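Here is a short report on one protein model.

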Amino acid sequence: MTRGRHALVVGAGSGIGRTVAKRLANEGHVVSLAGRRAAPLETVASEIASEGGEAFVLADFDVADDGSALGDGIDRAVAHFGEIAVLINSAGEAPSAPFEKTSLEVWNHVIGLNLTGTFLTIQAALPSLLRAGNGRIVNIASTAGLIGYPYVAAYCASKHGVVGLTRALALELARTDVTVNAVCPGFTDTPLLENAVETITGKTGRTTDEARASLARSNPQGRLVSAEEVADTVLWLVGTQATAITGQAIAVAGGEVMVG
């Protein structure tokens, strides 16, 4: 049986990254699962194997590292499954605080993880993507990369940066066969959203259901986005039908954002 194309999913242990990794595996890709903690990655790998797919766990993959650990991780993934044809950057955090209470430490951490980590991962993986042919880079950004939200200044800045990086790199690579796009989900039903819900309940006294409903109201459809809907968009972008799509920031947000 011929193996499918090799996809590296960063931040594959939970949330959108986990869902994307499983969808790619279900569609025939072999998937390298990258993240800092082994346990959740091993769980995802077991789920993929139980459904007939192949996965390789890359633990201790810290995108906020200086790049040396990333390079070693890329080398191990390539040695296991061959050249990387698809790169999904899904690692990220979104701590909440008023701007005047956002410390430089928090600011640097969020920018380092969400933006610099994306830069370092792409830089480490790009030679392999170019060798693989028809390479696909998809950065999981956010509607926070297209508009502003209060109390998450560092997160908004980092995701705006990811969108800018996506657009710049897409133009640099336009004469190659590598495309670069960003997917920008609105409030999505993942563990990251649960952190936001906890913050709201802790600061306002609302119930969990009330907090979730307040986030869902930002979506004109009146609901939270599902991780599966985000994965559907990623799956389209990495396929052959999206060859002419590059440099785009695609909002998956029920109409919340009308610009791309």
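## Thr118 and its neighbors

Leaving aside residues up to four places away in sequence, Thr118 touches Asn89, Leu113, Asn139, Val162 and Leu165. The model is predicted. Thr118 lies in helix H4, which covers residues 104-132. Its relative accessible area is 6%. The cut-off for a buried residue is under 20%, so Thr118 counts as buried.

Two of these neighbors, Val162 and Leu165, belong to the H5 side of a helix contact that also includes Thr118 on the H4 side. That contact is described below.

## Thr121, also in H4

Helix H4 also holds Thr121. Thr121 is buried, with a relative accessible area of 1%. Its contacts, not counting residues up to four places away in sequence, are Val10, Phe61, Val63, Leu70, Leu87 and Asn89.

Gly73 is 48 residues from Thr121 along the chain. The C-alpha atoms of Thr121 and Gly73 are separated by 9.9 Å.

## H4 against H5

Helix H5 spans residues 153-172. The axes of H4 and H5 come within 8 Å and cross at roughly 15°. Angles under 35 degrees count as roughly parallel, so H4 is roughly parallel to H5. The crossing is right-handed.

From H4, the contact uses Trp107, Val110, Ile111, Asn114, Leu115, Thr118, Phe119 and Ile122. From H5, it uses Ala153, Ala154, Tyr155, Ala157, Ser158, Lys159, Gly161, Val162, Leu165 and Leu169. By class, the contact of H4 with H5 has 13 nonpolar, four polar and one charged residues.

## H1 against H8

Helix H1 covers residues 15-26, and helix H8 covers residues 227-237. They pack at an angle of about 50°, with their axes 9 Å apart. H1 and H8 are therefore oblique to each other. H1 passes H8 in a right-handed crossing.

On the H1 side, the contact is made by Ile16, Thr19, Val20, Arg23 and Leu24. On the H8 side are Ala227, Glu228, Val230, Ala231, Asp232, Val234 and Leu235. The H1 and H8 contact residues divide into eight nonpolar, one polar and three charged.

## H1 against H2

H1 also packs with helix H2, residues 38-50. The axes of H1 and H2 come within 10 Å and cross at roughly 25°. That makes H1 and H2 roughly parallel to each other. Here too, the crossing is right-handed.

Arg18, Ala21, Lys22 and Ala25 of H1 meet Val44, Glu47 and Ile48 of H2. Four of the residues in this contact are nonpolar, none is polar and three are charged.

## The whole protein

How many helices and strands does the protein have? There are eight helices and seven strands. Of the 260 residues in the protein, 48% are buried. Thr118 and Thr121 are among the buried residues.

Consider contacts between residues at least 6 apart in sequence. Of these, 70% join residues at least 24 apart. The protein exposes about 11800 Å².

Definitions and conventions
Residues are numbered from 1 along each chain as its sequence is written. This is a predicted model: local features need pLDDT of at least 70, side-chain atom pairs count only at pLDDT 80 or more; totals for chains, interfaces and linings use all residues. Side-chain values use heavy atoms; hydrogens and water are left out. Axes are lines fitted to C-alpha atoms, for helices over the stretch in contact, and angles run from 0 to 180 degrees between N-to-C directions. Helices (H or I, at least four residues) and strands (E, at least two) are DSSP runs, numbered from the N terminus. Angles under 35 degrees count as roughly parallel, over 145 as roughly antiparallel, 65 to 115 as roughly perpendicular and the rest as oblique. A crossing is left-handed if the near helix is turned anticlockwise from the far one by less than a right angle, and right-handed if clockwise. Contact means heavy atoms within 4.5 Å. Ala, Val, Leu, Ile, Met, Phe, Trp, Tyr, Cys and Pro count as nonpolar, Asp, Glu, Lys and Arg as charged, and the others, Gly among them, as polar. Buried means under 20% relative accessible area, exposed over 50%, partly exposed in between (1.4 Å probe, protein chains only). Accessible areas come from the Shrake-Rupley method with a 1.4 Å probe; for residues, only the protein chains shown count as cover.
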